[in-house]
Amino acid sequence: MTALPERTERKLGLVIDLDTCVGCHACVISCKGWNTENYGAPLSDMDAYGADPVGTFLNRVHSYEIEPEGGGCAQTVHFPKSCLHCEDAPCVTVCPTGASYKRAEDGIVLVNEDACIGCGLCAWACPYGAREMDRAEGVMKKCTLCVDRIYNENLEEVDRVPACVRTCPAGARHFGDLGDPDSTVSQLVAERGGFDLMPEQGTKPVNKYLPPRPKDRLTGAAATAPALPTKRRDATGFLAWLDRTLEKI
Amino acid sequence: MNQPWIDTSPKVSDEIRKTTCYMCACRCGINVHMKEGRVAYIEGNRDHPVNKGVLCAKGSAGIMQVNAPARLRAPLRRVGPRGSGEFKEISWDEALGLAREWLTPIRKSDPSKLAFFTGRDQSQSFTSFWAQAFGTPNYAAHGGFCSVNMAAAGIYTMGGAFWEFGQPDWDRAKLFMLFGVAEDHDSNPIKMGIGKLKARGARIIGVNPIRSGYNAVADEWLGITPGTDGLLILSLVHCLMEAGKIDLDYLARYTDAPLLVDDETGLFLRDDGGKTLVVDRATGHLRPFDEKGVRPDLNASHPGHRTVMQLMAERYLKPEYAPEAVADRCGIAAPRIRAVAAEIARVAFDEAITLDQAWTDFRGERHEKMTGRPVAFHAMRGISAHSNGFQTCRALHVLQILLGAVEVPGGFRFKPPYPKPATAHPRPHCNTTPEMPLDGPHLGFVHGPEDLALKADGSPARIDKAFTWENPMSAHGLMHMVISNAHAGDPYRIDTLFMYMANMSWNSSMNTGGVMKMLTDTDENGDYVIPRIIYSDAYSSEMVAYADLILPDTTYLERHDCISLLDRPICEADAAADAIRWPVVEPDRDVRGFQTALIQLANLMELPGFVHEGGSPKWQDYADYIVNHERKPGVGPLAGFRGDGEQVGRGTPNPDQLKRYIDNGGFFVSHIPEGADFYKPWNMAYQDWAVGMGLYNAPQPYLFNLYVEPMRKFQRAAEGHGDRQPPDHLRDQIRKVMDPLPIWYAPFEDDHVDPEEYPIHALTQRPMAMYHSWGSQNAWLRQIHGQNPMYLPREIWEAHGFADGDWARVSSIHGAISVPVALHAGLNGSTIWTWNAIGKRKGAWALDKDAPEATKGFLLNHLIHELQPPRGDGMRWSNSDPITGQAAWFDLRVKIEKMPAQHETDPDMGVMASPVGRGPRNLRWKVGK
């Protein structure tokens with residue numbers, strides 16, 4: 001069993017806008033690229049060109065369809081999912097070696113690969129399915145919130161954000177301190193009704209999701225009144241209107 | 001707490017090399033992080049005008065593209081039968097020598113025996129220059145099977161269209177309406193734009209049979225029936241005219257709406273100098289349209305003539321365009337169409353925006369402000385790839401113009417070198433002389449029957465029959481007809497087919513199985529009907545197996561390229577910009593960039609333009625050409641850092657130019673001056689700037705064409721006027737489709753298949769992660785899209801009793817496929833779809849033959865024929881738009897039956913030998929220590 005810090009100085013995390021995410025997978029691959037080359041072991045790809053390619057990804061996009069009860073247009077939601085860096089992270093407390101831990105300074109949940117024995121208990125404990133065992137390395141991999149980018153003095157300050165946030169073409173991913181109510185991310189959450197994923201699990205996730213805005217509201221109530229009189233909604237009526245209007249220009 | 005120490009500031013790379021991605025149509029800037037001379041990580045370039053730092057999945061996976069096991073390694077000469085994939089490696093000297101040996105006799109006898117087509121538009125200004133020097137009329141790039149309808153309709157209507165020509169004003173638009181686009185043209189800029197709209201709370205209306213991707217985040221989704229977009233748009237035009245919500249001031253000043261059309265001929269009234277005339281509303285007199293102080297009258301009276309505005313009123317106010325009349329065909333309820341029209345009108349006119357920016361128009365009138373209609377539109381392939389696509393694209397451009405929403409704040413904005421009207425483009429050229437260059441550029445814009453590419457006997461001059469009566473305005477050629485026509489010897493036989501980056505024996509062709517047979521078919525002597533095939537590709541694609549000679553290309557990081565103002569630059573609405581690629585890594589194989597190979601081949605053949613008198617080469621390779629070629633004095637492929645390094649647009653070649661581009665991040669930007677950045681076609685400040693940049697030789701203000709007079713000239717020919725007459729069997733078609741005002745007609749497939757028997761529309765979409773590529777050799781991306789089910793709407797799913805894991809037989813009048821199915825409720829009820837180009841042939845791309853792409857993936861292409869069904873008249877009617885020849889991919893109608901679950905999709909085209917072997921089993925890719 002591994003202990004969680006009593007509190008963390010900051011709560012760094014992501015805010016993901018489900019009203020804006022178009023499901024393009026840019027974040028998935030940018031993450032793969034950065035984290036293959038950086039933190040810990042590379043993210044492997046088994047049977048890479050074969051019948052059953054299986055690679056390690058720290059971030060994946062799932063797409064769900066919602067068909068409103070009682071009819072109406074079905075909607076698709078693109079749902080990027082990675083570690084939520086929970087305040088009460090069950091993946092940490094379940095770890096038998098202390099390899100999984102939550103950082104006291106910023107709340108990032110990490111795996112110390114040197115101490116990981118690849119038992120997989122943490123993946124079992126995570127209700128979100130956010131951890132993946134690397135099949136080549138035999139260690140547990142997960143989102144690091146790009147801990148090796150966000151403080152990296154070799155990067156320009158503007159680039160000290162997670163790779164997924166930097167690359168997102170639609171700007172659907174936001175990074176910041178969710179523990180600071182004045183931060184941009186906290187304000188986004190407040191303005192847009194940001195929500196926790198599966199709050200009933202009691203994990204207190206730091207990452208938040210912004211809900212899709214209501215859709216399909218142009219149903220016909222607001223049609224514009226015709227400029228042409230009812231009996232003359234044809235070319236003659238139009239040209240008479242045209243002449244009257246041109247006189248006024 | 002025992003937290004381990006971790007290094008939060010690791011060294012990111014030894015060096016960043018900045019180049020251009022251009023693996024799709026976006027042309028994003030990328031930072032390639034190098035470690036120990038190898039590519040370690042790729043991210044977007046923040047300074048780049050196109051992507052401003054962001055990058056898509058495919059761009060981010062570039063490292064797997066550069067290291068792909070499917071890369072070709074050396075020139076190949078076929079040793080087995082065509083299609084087998086059996087080759088031997090040869091040297092470049094042998095390869096280029098062989099190409100010269102094949103091509104030189106053709107050039108001496110009949111240059112048209114060479115058909116040279118490039119599947120991508122990269123460096124089109126260079127490849128067309130090569131083809132012109134060779135002297136063949138048979139050249140084009142891929143626009144004919146992509147989106148030529150959009151491009152040509154835009155240029156004829158307003159001097160440009162979407163994507164490469166312009167973009168929505170993402171920073172000011174308040175309503176954005178997106179037709180048909182899944183993931184094409186552009187990729188990242190559309191996502192960035194949607195992000196900007198969403199951040200401001202602006203609204204998006206998506207019109208698409210499929211609710212995925214952009215349509216999933218659209219505030220309103222109109223799940224339209226494929227092929228009916230034009231009808232919906234003209235119904236919106238009807239509503240807007242009925243409501244009086246059109247911009248009369250804009251129409252009178254900047255469009256042909258006030259031009260006078262002769263009732264008898266349908267041609268514009270002109271003065272003796274050929275200038276079109278309007279009635280001045282102040283004086284009632286006829287005046288040239290551009291005269292200083294003239295106020296063109298939209299509702300003018302002139303005996304025997306009507307204005308374009310009057311003609312439009314007569315047509316579009318007819319009840320046949322009312323929402324109630326079109327709703328069933330479009331699959332959208334009439335009140336919803338009316339509500340969308342009202343919303344467009346409300347935003348355009350009630351939320352108009354005004355910039356305090358003075359400007360002077362081409363009539364010399366000064367305006368103190370710029371008024372914007374903040375409604376922007378975008379569309380590309382979805383509405384283009386139908387046999388009614390040209391007229392549909394025309395309708396959309398006309399809709400924008402009626403709103404006054406083109407080249408104004410908040411609307412659609414051109415990007416240099418556009419706006420550029422059809423009259424400023426070349427006309428097509430097709431006259432060949434042995435051992436001489438062609439008489440001019442191949443592709444262009446026709447303005448009447450006199451511009452068609454016909455031989456003296458009236459037969460088509462080009463192998464693809466572009467610019468003929470079958471499709472007079474085929475501005476991009478018809479690449480999808482080349483192999484079929486060459487095989488049929490219609491209009492004539494060729495000797496050598498030379499292609500670049502075109503997977504014609506697979507996903508780039510209609511009727512894939514048929515094309516494979518055409519490529520391998522032999523005559524009575526046992527010789528191939530298409531005698532020789534040269535092909536250039538970087539990867540072991542399906543098409544490689546069908547070539548006799550392979551010229552292996554480099555990957556995108558190993559080459560020089562220029563993304564040129566002569567071609568398809570990276571301009572933004574407020575800046576001219578161009579860019580380069582340069583070899584950030586050297587190839588580790590015996591491969592050469594295709595353009596360099598073309599230059600070396602031209603030098604061997606001593607093609608005119610490529611060699612000095614005496615035969616010595618002007619350029620050694622493509623980099624040399626990029627810097628030193630001048631298209632006209634002082635104007636070359638790159639606009640930046642010319643002359644002494646400080647000259648822009650015009651200037652002598654600068655030997656340090658490429659270095660300057662590299663130092664500048666791989667691109668060059670020159671901003672349009674303030675006050676010149678809107679109303680570009682009529683704004684004298686813009687016109688003068690464009691002349692200075694070398695974009696125009698002189699100012700060329702023009703009016704937008706709601707009424708396309710050249711189309712009327714073709715109709716008149718079909719009515720019997722003029723010397724150049726269409727064949728009788730095409731007269732009715734020309735009269736019907738070449739209407740100078742937008743019309744809608746049902747897609748041709750509806751006429752020749754029974755809609756009762758084939759009630760379903762079938763489409764493909766491009767996956768965002770693999771847009772504009774067929775690169776399933778990418779180890780990361782194939783894990784996102786490794787197979788492609790056929791998605792069915794709930795209506796069809798339930799009617800046939802489908803369940804998860806089921807398979808279906810999907811049939812068209814032409815063929816049948818067996819495929820896995822999946823439910824997709826957000827779908828037009830009579831439409832099914834799948835991902836494009838995920839299916840692979842066994843043995844291609846260095847994949848295992850049991851890869852899911854080959855066993856569970858499939859192509860819809862097997863159901864689509866390049867010809868319409870025979871009519872018993874002996875004619876080969878192409879499955880194309882009858883105006884431009886654009887491939888009508890999306891006209892397809894099918895039927896579906898449930899079938900027992902299969903082990904593999906059908907048809908199985910067999911295994912090809914891999915000229916590059918197989919990829920490694922596992923990857924653990926880490927470059928640094």
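## A tour of helices, loops and an interface

Select helix H8 and helix H11 of chain B: here Leu231(B), Leu232(B), Ser235(B) and Cys239(B) of H8(B) meet Pro323(B), Val326(B), Arg329(B) and Cys330(B) of H11(B). Two residues are in contact if their C-beta atoms, placed from the backbone, lie within 7 Å. Six of the residues in this contact of H8(B) with H11(B) are nonpolar, one is polar and one is charged. In this scheme Ala, Val, Leu, Ile, Met, Phe, Trp, Tyr, Cys and Pro count as nonpolar, Asp, Glu, Lys and Arg as charged, and the others, Gly among them, as polar.

The structure is a predicted model, in which local features need pLDDT of at least 70 and side-chain atom pairs count only at pLDDT 80 or more, while totals for chains, interfaces and linings use all residues. Residues are numbered from 1 along each chain as its sequence is written, and chains are lettered from A and ligands numbered from 1 in the order in which they are written. Helices (H or I, at least four residues) and strands (E, at least two) are DSSP runs, numbered from the N terminus.

Keep the two helices in view. H8(B) covers residues 229-242 and H11(B) residues 323-330; they pack at an angle of about 160°, with their axes 10 Å apart. Axes are lines fitted to C-alpha atoms, for helices over the stretch in contact, and angles run from 0 to 180 degrees between N-to-C directions. The two helices are therefore roughly antiparallel to each other, a term for angles over 145 degrees.

Next, select residues 148-158 of chain B, which form helix H5. All 11 of the 11 residues are buried, so H5(B) is largely enclosed by the rest of the structure. A residue is buried if 20 or more other C-beta atoms lie within 10 Å of its own, exposed if 12 or fewer, and partly exposed in between; C-beta atoms are placed from the backbone. Among the buried residues are Val148(B), Ile155(B) and Met158(B). They pack against strand E20 (375-379), helix H13 (381-384) and helix H14 (389-402) of chain B.

Now turn to some backbone details. Most residues other than glycine have a negative phi, and most peptide bonds are trans. Select Tyr679(B), which has a positive phi of about 55° although it is not a glycine. Tyr679(B) lies in the loop between strand E27 (667-671) and helix H20 (684-693) of chain B, and is buried, with 28 other C-beta atoms within 10 Å. Asp47(A) also is not a glycine, yet has a positive phi of about 50°. Asp47(A) sits in the loop between strand E2 (45-46) and strand E3 (54-55) of chain A and counts as partly exposed, with 18 C-beta neighbours inside 10 Å.

Return to chain B for two cis peptide bonds. One joins Pro416(B) and Pro417(B), with omega about 5°; the other joins Asp490(B) and Pro491(B), with omega about 15°. Pro417(B) is in the loop between strand E21 (412-414) and helix H15 (482-488), and Pro491(B) is in the loop between H15 and strand E22 (496-500).

Finally, display both chains. Their contact takes 79 residues from chain A and 92 residues from chain B. On the side of chain A that touches chain B, the largest share, nine residues, comes from H1(A).

Notes
Angles under 35 degrees count as roughly parallel, over 145 as roughly antiparallel, 65 to 115 as roughly perpendicular and the rest as oblique.
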